[in-house]
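Here are a few notes to go with your first look at this one. Have the viewer open as you read.

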Amino acid sequence: MGNQNLGIDSLTIGVSHEGMNNYREQLKIAVIQDTKTKIDEYQEVENAINGCWQGEARDRFLEGFKTAREKIKSDLDAEYNDLDARLNELEYMYYQQDQNMIIE
């Protein structure tokens with residue numbers, strides 16, 4: 001199973017660049033995109049608030065709620081970018097180790 005996720009079943013060298021790219025893309029979709037989609041599914045909450053709360057306080061709350069959702073999505077993107085950079089670093093290190101084994 002793991003070899004298929006990383007694409008190492010078709011390796012010609014010790015590290016599969018394509019497999020790592022596929023893994024990172026799947027991770028991004030599964031974690032980041034799915035979570036952001038769930039965050040954007042807030043209509044039931046807003047409908048409930050609008051059904052029992054009126055006025056400026058409600059408007060401020062809804063604006064703060066929107067700002068909080070956007071911040072969470074932005075933070076998720078930043079965290080994914082950090083993870084992606086680390087995975088790139090690990091891939092490079094594995095590639096270097098593989099090259100060292102060939103040279104020696």
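1. Let's start with a charge over a ring: Arg69 sits over the face of Phe65, 4.8 Å from the ring centre. Arg69 also lies over the face of Tyr42, here at 3.6 Å from the ring centre. Keep in mind that this is a predicted model.

2. The structure has 3 aromatic pairs. One of them is Tyr42 with Phe65, edge-to-face at 6.3 Å centre to centre, with 85° between the planes. Tyr42 is in the loop between α2 and α3 and Phe65 is in helix α4, so this pair ties together parts 23 residues apart in sequence.

3. How are the rings of Trp53 and Phe61 arranged? Their centres are 5.4 Å apart and their planes meet at 45°, so the pair counts as tilted.

4. Trp53, at 32%, is partly exposed, and so is Phe61, at 38%.

5. Have a look at Lys36 in helix α2. This lysine counts as buried because its relative accessibility is 18%, under the 20% cut-off. Leaving out residues up to four places away in sequence, Lys36 touches Lys73, Leu76 and Asp77.

6. Now zoom out. The protein has 4 helices and 0 strands, and 18% of its 104 residues count as buried. Of the contacts between residues at least 6 apart in sequence, 62% join residues at least 24 apart.

Notes:
Residues are numbered from 1 along each chain as its sequence is written. This is a predicted model: local features need pLDDT of at least 70, side-chain atom pairs count only at pLDDT 80 or more; totals for chains, interfaces and linings use all residues. Side-chain values use heavy atoms; hydrogens and water are left out. Helices (H or I, at least four residues) and strands (E, at least two) are DSSP runs, numbered from the N terminus. Buried means under 20% relative accessible area, exposed over 50%, partly exposed in between (1.4 Å probe, protein chains only). Contact means heavy atoms within 4.5 Å. Rings of Phe, Tyr and Trp (its six-membered ring) pair if their centres lie within 6.5 Å; planes under 30 degrees apart count as stacked, over 60 as edge-to-face and the rest as tilted. A charge sits over a ring if NZ of Lys or CZ of Arg is within 6 Å of the ring centre and within 35 degrees of the ring normal.
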